[in-house]
Amino acid sequence: MNNRIALILSVVFHPLILTTYLFALLFIITPDLVGVSAFELPALGSLLLLLFLNTFIAPALVVYYFQKMGIISTMHVDDLAERRLPYLACIIIYGIATYLFGWKLQPIAELAPQIAIILGAATISLLIVTVVSLFWKISAHATGIGGSLGMLTGLLIRHDEAQLLIPLICTVLIAGWLLSARLHLNAHTPAQILVGVICGVFVSSLTVYFFF
């Protein structure tokens, strides 16, 4: 793997965009599990776009603003000392999104409370990464992909959703490529990758166990 491919993988499977990928997958394959089976295709597209704007575009714009202001050196926020403010901003944005989808946006909040639950799990994962980043450089990429793996595995086992098997296998392959890319770029150590995966899997697995 060369640096170019590793960088592309890191961008395409950025932790913030993984949330949109996960929702798109669940909306298409198992709409019943996330409460959107009653939504028509245009409504699903609009809902996914709204999630994309809230969970990727909004935090990405904030991080870009921080870079322009000289608060961080790059959009990747690889420097441990620079992580605190951008990560805190992302937690606030995800927390607001969780509140909106869970309580304010009707009828989504009533018909599909699972959306807010997944957003809440993502917010908690971000919070853990932020707290750990106060003293150690845990991998946010690993936490994100670990969260996706834990969510898909948990739903597959708990609800016997055989349709999720192929997506889960694909996610495992993507996880292998992504984490190899992070190691290739010297962005993290194997320990930082491992702890990130464990964190993501742990939070999402508990979410499925208690709320699905």
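The residues that line the second largest pocket of this predicted model divide into 10 nonpolar, two polar and no charged, where Ala, Val, Leu, Ile, Met, Phe, Trp, Tyr, Cys and Pro count as nonpolar, Asp, Glu, Lys and Arg as charged, and the others, Gly among them, as polar. The model being predicted, local features need pLDDT of at least 70 and side-chain atom pairs count only at pLDDT 80 or more, while totals for chains, interfaces and linings use all residues. Residues are numbered from 1 along each chain as its sequence is written, and side-chain values use heavy atoms, with hydrogens and water left out.

The volume of the second largest pocket is about 180 Å³, a volume being the space filled by probe spheres set on grid points that are joined across faces, edges and corners. A pocket is found on a 1 Å grid over the protein atoms alone, as an open set of points where a 1.4 Å probe fits, with protein on both sides within 12 Å along at least five of seven lines, and its lining residues have an atom within 4 Å of a point. Among the residues lining the second largest pocket are F13, L18, Y21, I145, S148, P167 and I174. Two or more residues of this lining are given by each of α2, α7 and α8; these elements are DSSP runs numbered from the N terminus, with helices (H or I) of at least four residues and strands (E) of at least two.

The largest pocket holds about 710 Å³ of space and is lined by 36 residues, of which H14, P15, L16, L126 and A140 lie nearest its centre. Elements that give two or more residues to its lining include α3 (41-68), α4 (84-104), α6 (113-132) and α9 (190-211), but the largest share, seven residues, comes from α7. By class, the lining of the largest pocket has 21 nonpolar, 12 polar and three charged residues.

Two packed helices are described by the angle between their axes and the distance between the axes. The axes of α2 and α7 lie 9 Å apart, at an angle of about 15°, where axes are lines fitted to C-alpha atoms, for helices over the stretch in contact, and angles run from 0 to 180 degrees between N-to-C directions. That angle makes α2 roughly parallel to α7, since angles under 35 degrees count as roughly parallel, over 145 as roughly antiparallel, 65 to 115 as roughly perpendicular and the rest as oblique. In α2, P15, L18, L22, L25 and L26 meet residues of α7 that include A140, G144, I145 and M151, contact meaning heavy atoms within 4.5 Å. This contact of α2 with α7 has 10 nonpolar, three polar and no charged residues.

Helix α8 (residues 165-184) packs against helix α1 (residues 3-12) at an angle of about 125°, with the axes 9 Å apart, and the two are therefore oblique to each other. Their contact is made by N3, A6, L9 and S10 of α1 together with W177, L178, A181, R182 and H184 of α8. The axes of α8 and α9 come within 10 Å and cross at roughly 145°, and here L179, R182 and L183 of α8 contact P190, I193 and V197 of α9.

Two backbone features lie in loops. The peptide bond from Q106 to P107 is cis, with omega near 5°, and P107 lies in the loop between α4 and α5 (108-111). D160, in the loop between α7 and α8, has a positive phi of about 55° although it is not a glycine.
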